[in-house]
Amino acid sequence: IILRQVSPESTAIFDFILDLHRVCNGDWGKITAHAGVSAHEMQYFLEYAAVFLGNVGNYYGHGDQKFTPNVSKEFVRRLSSVSTLSPDLDEDTIENTLAQYPRGLGFPSDTSQSSYYPGETRMTREEIFTVSEVLNDLSIEPENTRILKSKDGPRAVYDVLQGSVEEDDPPLEVKRPGFGLVRIVRGDHSKELRQICDCLEEAQKYASSPLQQKYIIELRCSFVSGSIETYKDSQRTWIKDLEPPVESIFGFVEPYRDPFGIRAEFEGLVAIVHKHETKTLRGLAENSAKFIKRLPWAIDSIENEGKGPFEKTSLDAPGFTSLYGINVPNFNDIRQDTGFKNVMITNSMTDNGSEEHVPIPCIHPSEAERFSEHKPHAYYLWVVFHELLGHGTGKLLMENSNGSFNFDIQNPPINPLTNRPISSWYRPGQTWTGLFKDIVTSVDECRAECVGAYLMSDEELLGTFGYTDETNITCKDCEQWTMPRFSEMLML
């Protein structure tokens with residue numbers, strides 16, 4: 001599913017690499033001899049294959065830039081002659097694998113492409129927005145969809161490909177005056193989702209609690225029907241399963257790679273919990289209200305127990321597990337009304353994309369050794385604060401469908417930027433993603449990054465993790481090396 005979401009050629013490249021491995025059983029020298037290719041080109045290809053498999057596609061997971069193998073078309077054709085899948089590796093796939101363009105993932109153009117909007121007929125941002133309005137009118141959420149545009153004579157046809165096992169024949173059709181035909185086509189990724197559902201049905205037998213069993217059932221039902229509302233039910237159940245010894249994240253989760261910022265990449269993760277680190281993180285979560293009061297929009301506030309009007313009245317300590325830097329689920333209504341989990345996959349943060357012998361332009365050679373020593377600590381803390389106190393804070397000020405408000409409409413909160421009462425809020429039916437559209441992810445991430453960096457100077461907060469002015473790595477060290485670490489990430 002992920003490969004299909006990255007690029008049109010990624011699935012064929014993946015199958016090709018794995019098939020070559022099966023053919024030679026890992027002895028690549030056999031293929032070098034059999035195909036009559038040079039050893040150095042084979043080395044280039046293997047390096048490409050490693051990067052491809054590491055990124056699950058031929059675009060980097062960080063930066064979304066395309067990478068290509070430093071080999072010739074003739075080399076790929078010779079390898080293809082050895083593969084049992086050679087008929088499937090057609091000239092178009094070879095051409096797309098080696099081509100420098102499209103250079104990145106983004107709105108379809110001469111220089112970028114997006115498999116969330118596949119096909120030869122390009123879509124404009126305005127068209128994507130209009131189709132999104134149609135989906136909103138139908139109460140269909142976009143996370144597990146892609147949009148394929150085609151032409152039926154002079155009329156534009158927009159097929160909304162919805163990830164599900166079930167398929168509709170015929171699909172639901174919606175005619176929008178002056179726009180074209182929108183069809184809801186369930187069954188995208190149906191083969192893979194059917195296999196996943198079979199595995200989930202088997203996994204249900206081994207659930208360690210009724211709550212986990214309920215989660216698996218709801219998750220499976222969401223994949224069968226394609227209903228994101230059912231998927232959200234599974235996430236509400238998952239949130240209640242606090243600190244299990246084995247944690248998992250599954251489904252169409254993160255919208256980072258969709259240029260419009262609302263369609264999500266599929267992912268699956270299973271990890272064993274690190275008990276000691278989880279205990280520390282749990283302690284921070286339980287005391288998070290103390291540090292929320294120190295955020296810029298809450299300072300000097302006497303409302304809401306010092307947290308101010310822009311935070312929830314009650315804050316149930318969220319689950320915080322030492323797995324990976326992520327705050328889920330990504331549905332604001334669930335995070336606000338039910339809660340969320342923070343998970344940190346610390347072993348994936350240890351090797352975070354740079355090698356010690358590679359010079360970093362923003363770091364003077366005289367400081368390189370100190371930077372290497374301090375950056376893992378600074379980065380870890382920043383991610384923790386980013387997830388819990390960045391993504392985990394804030395309140396959507398809303399008007400409910402019954403005319404009530406989740407804030408005092410007679411005495412509205414004061415906008416800290418204007419020092420005047422707020423003049424806008426979420427009306428009934430409005431959502432965070434619907435209003436912010438293609439910048440929703442950027443806004444949310446920038447806010448979380450700023451909160452994380454802001455709190456790196458809070459010595460009491462750093463003390464929660466054992467850093468003081470007396471330790472080998474001090475609070476000032478963590479604060480000092482935060483920005484250089486961020487600069488390094490931007491350059492990689």
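Mentor: Two strands pair if DSSP finds at least two bridges between them. Helices (H or I, at least four residues) and strands (E, at least two) are DSSP runs, numbered from the N terminus. This is a predicted model, in which local features need pLDDT of at least 70, side-chain atom pairs count only at pLDDT 80 or more, and totals for chains, interfaces and linings use all residues. Residues are numbered from 1 along each chain as its sequence is written, and side-chain values use heavy atoms, with hydrogens and water left out.

Trainee: Which residue in E6 is the bridge partner of Val160?

Mentor: Val160 of E4 is also the bridge partner of Ile147. Towards E6, the bridge partner of Val160 is Ile184.

Trainee: How many of the nine residues of E4 are buried?

Mentor: Buried means under 20% relative accessible area, exposed over 50%, and partly exposed in between (1.4 Å probe, protein chains only). E4 is mostly covered, and its buried residues number eight.

Trainee: Which residue takes a positive phi in the hairpin of E3 and E4?

Mentor: The hairpin has two residues between the strands. Asp152 has Arg155 as its bridge partner in E4. The residue with a positive phi, near 70°, is Gly153.

Trainee: Is Val451 buried or exposed?

Mentor: Val451 lies in helix H17 (residues 440–454). Not counting residues up to four places away in sequence, Val451 touches Leu295, Trp297, Phe385, Leu389 and Gly390, where contact means heavy atoms within 4.5 Å. Because its relative accessible area is 5%, Val451 is classed as buried.

Trainee: Is Val270 buried or exposed?

Mentor: Val270 is found in strand E8 (residues 265–272). With a relative accessible area of 67%, Val270 is exposed.
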